[in-house]
Each structure stands twice: as structure tokens, then as C-alpha cells.
Amino acid sequence: MAGRRNKDGRVEGVRDEALAGTTAPRDGSPTAGADHLVRHATLRQLQLLEAIVRLGSFTRAAEELFLTQPTVSMQIKKLADSIDAPLFRHIGRRVEPTDAGREVYAACRDILNTLSNLEITLADLKGLKRGRLRLGVITTAKYVAPELLGAFCERYPGIDVALKVTNRDRIMERMSAHDDDLYVTGQLDELENEVETVPFAPNPLVVVARADHPLTARRNIPIQDLADEHLILREPGSGIRDAFLKCLAAGGVTPKVRMQLGSNEAIKHAVLGGLGIAALSLHSLVLESCGGRLALLDVQGFPIERRWYLAYPRNRELSLVAKTFLQFAGESEPRITAQLEAAREAYQRNRPS
């Protein structure tokens with residue numbers, strides 16, 4: 001309704017639209033046309049939908065966000081009611097988004113990425129008193145990343161950290177989706193034009209056997225002598241497996257594979273059980289170095305000197321926290337190298353003379 005101005009110049013008799021809460025925003029407002037969703041959908045619901053689409057499961061989304069599955073189902077139902085359209089359909093044991101679900105998911109990604117960038121900007125304004133670091137770590141690097149992250153948190157106690165350990169394929173997916181700030185991986189040659197990689201620590205690959213294995217007493221073992229040994233390998237797609245097989249092939253060795261296992265821990269137990277020998281990252285053997293149950297074999301061409309890298313997409317601007325972690329990791333290389341050398345020396349002492 002029209003109003004008249006009082007002696008202070010203010011208009012009387014006009015409703016305050018913000019207080020009334022029922023008038024749509026004027027044209028040109030960022031919320032014009034979104035009033036219904038603004039009032040009925042929540043950011044938490046959008047976060048849940050994004051996780052369900054990405055993981056293909058209500059259960060896995062609930063686990064990732066530390067919620068119960070009934071809570072997740074209830075919130076998604078409320079979101080579907082707000083949109084007045086179903087968001088998911090069940091395909092066997094998986095769930096897939098409907099057409100409406102895919103549209104909402106695309107909007108979710110934009111909204112959540114915008115909020116993430118805002119969080120980074122605000123953290124930068126505050127320096128390193130507060131902030132967040134999300135680290136994606138390839139499975140084998142779980143032996144070096146947590147300790148490095150712990151030391152970083154001791155220096156910067158106000159930083160919240162999140163650590164996701166998963167296989168190489170999932171790391172690639174998370175990198176494409178910008179789920180984390182930085183990623184600890186091996187060399188990513190196939191992505192060299194898309195990903196920036198910064199080396200920060202050695203990752204030597206060694207051949208390991210049970211301490212009473214006959215080869216432990218020998219020195220400078222020709223790689224051809226491994227042709228008669230039962231080998232325990234990582235699963236296909238593993239960087240360790242690929243490097244080991246490449247080295248064997250260069251020496252003309254046809255591997256006699258006894259089994260393939262999906263984790264370094266399982267391989268160590270198999271070696272201790274006398275099932276064969278294996279190639280592993282020395283990082284994964286540090287804790288066992290003083291136990292005397294395992295031994296490093298002195299095989300020609302080993303250790304294979306590899307590196308750990310911190311990686312991130314080239315088109316992504318790093319936050320102040322991520323940049324600081326990159327520098328911190330580089331400064332930590334002498335300490336990490338010293339730990340590996342101490343472990344190597346301990347294994348040398350365990351060898352039969």
C-alpha cells in the first residue's frame with residue numbers, strides 16, 4: 001500500500017516485507033524465485049543428498065556424516081516433499097537419483113562448493129588461528145600421513161583436520177569432485193597436465209621375507225633368483241605391484257604368484273606365515289623393524305626409490321591452510337628420511353651373520 005512520509009522522512013503505513021515473511025523478494029534479489037526452497041529446504045538436507053548420490057547408498061552416506069540411516073531417510077523425505085518430486089529410486093542394492101534428483105544434485109554441488117570457498121576465504125582472513133584441512137590419502141600412505149598430520153596439528157592447534165584413507169581409484173574420484181584440499185599419492189603420470197604434484201618424502205620399495213627364510217643370509221641376490229620364489233602381490237592397480245612386476249620383467253623373471261591380497265597388513269601376515277616373499281613400502285614395515293620376525297632381502301635393483309607426493313587439481317586455488325601444510329610437509333622430509341634409515345638399520349641388525 002502507498003504511504004505518506006512523516007516529518008523524519010520515513011514512509012508510514014507500509015508493511016515491512018522482511019518481517020511479514022510472505023512477500024516474495026523484489027526482482028533482482030539473489031533469492032527471487034527461491035523463496036519456497038529457502039524456507040523449506042536446509043543445507044544439511046542438500047549435504048545428505050550430495051553424499052547419497054556420490055556414494056550410491058543411504059547407509060554409506062549416514063556413516064560418512066555420522067548419522068543414523070533413519071535420520072538420513074527422514075531428511076531426504078522432507079527434501080522430496082519440499083520439491084514435490086521423488087529424488088531417488090532403488091536399483092538392486094544401490095540407489096540412483098531421479099531426473100529431479102540429478103538436477104538438485106547439480107545445484108547442491110554448486111552451493112556446497114561456494115560455501116567451501118567461503119569457508120576458505122574466511123579462514124584466510126583469520127590467518128592460521130582457525131581453519132580446516134581435508135586430506136585424501138591413498139591406502140599405502142596411511143603409514144606416513146597420520147603422523148605428519150598430527151605434527152601439523154601440534155604446531156597449529158586451531159586447525160580442524162579430516163583424513164580420508166581409500167584406494168587409488170577413489171582418490172581419483174575425490175580429486176575430480178574436489179572433495180579434499182590435498183591428496184597424498186604416488187606419482188600421477190597419467191594426470192600430469194591436470195594435477196600439480198609436490199614431492200615431500202621418500203617411499204622406498206623393498207623385498208621382505210620371514211626372518212628364517214634362506215635368502216636372508218645372502219647378499220647382493222640376483223633378481224633372477226626370485227624366479228623360484230613364491231610371490232605375494234598387491235591387487236591389480238596397485239602402484240607397488242606395478243613397480244615390482246616392472247622390475248621383475250626387466251630382469252627377465254616370470255613371477256610365480258602364490259596369492260594377491262588387498263592390503264599391506266594381510267601381505268605381512270602371509271609373509272610371516274611362510275607363504276612367500278613380497279615387495280612393500282618400507283614405511284609399512286617401520287613398526288616391525290625391531291621385532292626380528294621379518295627381514296629385508298638384499299636383492300639387486302632394490303630398494304626401488306619412489307616418492308610420496310602431495311597433489312591437487314591445477315585449476316584449484318589452495319587455501320592458506322593447504323599452502324601452509326604443503327610447506328610443512330616439505331620441511332618434514334629430513335625427519336621422515338631419518339625414521340626410514342633407522343628402520344633399515346634395525347633390519348640389518350636382524351639379519352643372520
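Helix α6, residues 99–125, gives the most to the nonpolar patch, with four residues. Helices here are DSSP runs of H or I with at least four residues, strands are runs of E with at least two, and both are numbered from the N terminus. The patch is made of Leu 43, Ile 111, Leu 115, Leu 118 and Leu 122. Together they have about 410 Å² of accessible area on the surface. That area comes from the Shrake-Rupley method with a 1.4 Å probe, and for residues only the protein chains shown count as cover. A patch takes residues with over 30% relative accessible area and no salt bridge; like charges are joined within 9 Å, and nonpolar side chains (Val, Leu, Ile, Met, Phe, Trp, Tyr) within 5 Å.

A word on the model. It is predicted, so local features need pLDDT of at least 70 and side-chain atom pairs count only at pLDDT 80 or more, while totals for chains, interfaces and linings use all residues. Residues are numbered from 1 along each chain as its sequence is written, and side-chain values use heavy atoms, with hydrogens and water left out.

Back to Leu 43. This residue is found in helix α3, residues 43–55. Is Leu 43 buried, partly exposed or exposed? Leu 43 counts as partly exposed because its relative accessibility is 48%. The cut-offs: buried is under 20% relative accessible area, exposed is over 50%, and partly exposed is in between, with a 1.4 Å probe and protein chains only.

The largest pocket has a volume of about 1000 Å³. It is lined by 33 residues, and the closest to its centre are Gln 47, Arg 54, Arg 132, Arg 134 and Asp 179. Elements giving two or more residues to this lining are α3, α4 (58–64), α6, β5 (131–138), β6 (159–166) and α8 (168–176). By class, the lining holds nine nonpolar, seven polar and 17 charged residues. For the classes, Ala, Val, Leu, Ile, Met, Phe, Trp, Tyr, Cys and Pro count as nonpolar, Asp, Glu, Lys and Arg as charged, and the others, Gly among them, as polar.

How do we define these spaces? We use a 1 Å grid over the protein atoms alone. A cavity is a set of points where a 1.4 Å probe fits but cannot get out; a pocket is an open set with protein on both sides within 12 Å along at least five of seven lines; lining residues have an atom within 4 Å of a point. Grid points are joined across faces, edges and corners, and a volume is the space filled by probe spheres set on the points.

Next, the second largest pocket. Its volume is about 650 Å³. Of its 30 lining residues, Arg 168, Ser 238, Gly 239, Ile 240 and Arg 306 lie nearest the centre. Here α8, α9 and β14 (307–313) each give two or more residues. Which element gives the most? That is α9, with five residues. The lining divides into eight nonpolar, 11 polar and 11 charged residues.

Take Arg 168 from that list. Arg 168 lies in helix α8. With 26% relative accessibility, Arg 168 counts as partly exposed.

On to cavities. The whole structure has two of 30 Å³ or more. At least two residues each come from β10 (230–234) and α9 (239–250).

Last, salt bridges. There are 21 of them, each a side-chain nitrogen of Lys or Arg within 4 Å of a carboxyl oxygen of Asp or Glu.

Arg 170 and Glu 173 form one, at 2.5 Å, N to O. They are separated by about one helical turn because they sit three residues apart in helix α8. Arg 170 counts as buried, at 16% relative accessibility. Glu 173 counts as partly exposed, at 44%.

Arg 316 pairs with Asp 181, the closest N and O atoms being 3.8 Å apart. This pair links distant parts of the chain, 135 residues apart. Arg 316 is in the loop between β14 and α11 (320–331), and Asp 181 is in the loop between α8 and β7 (182–185). Both residues are buried.
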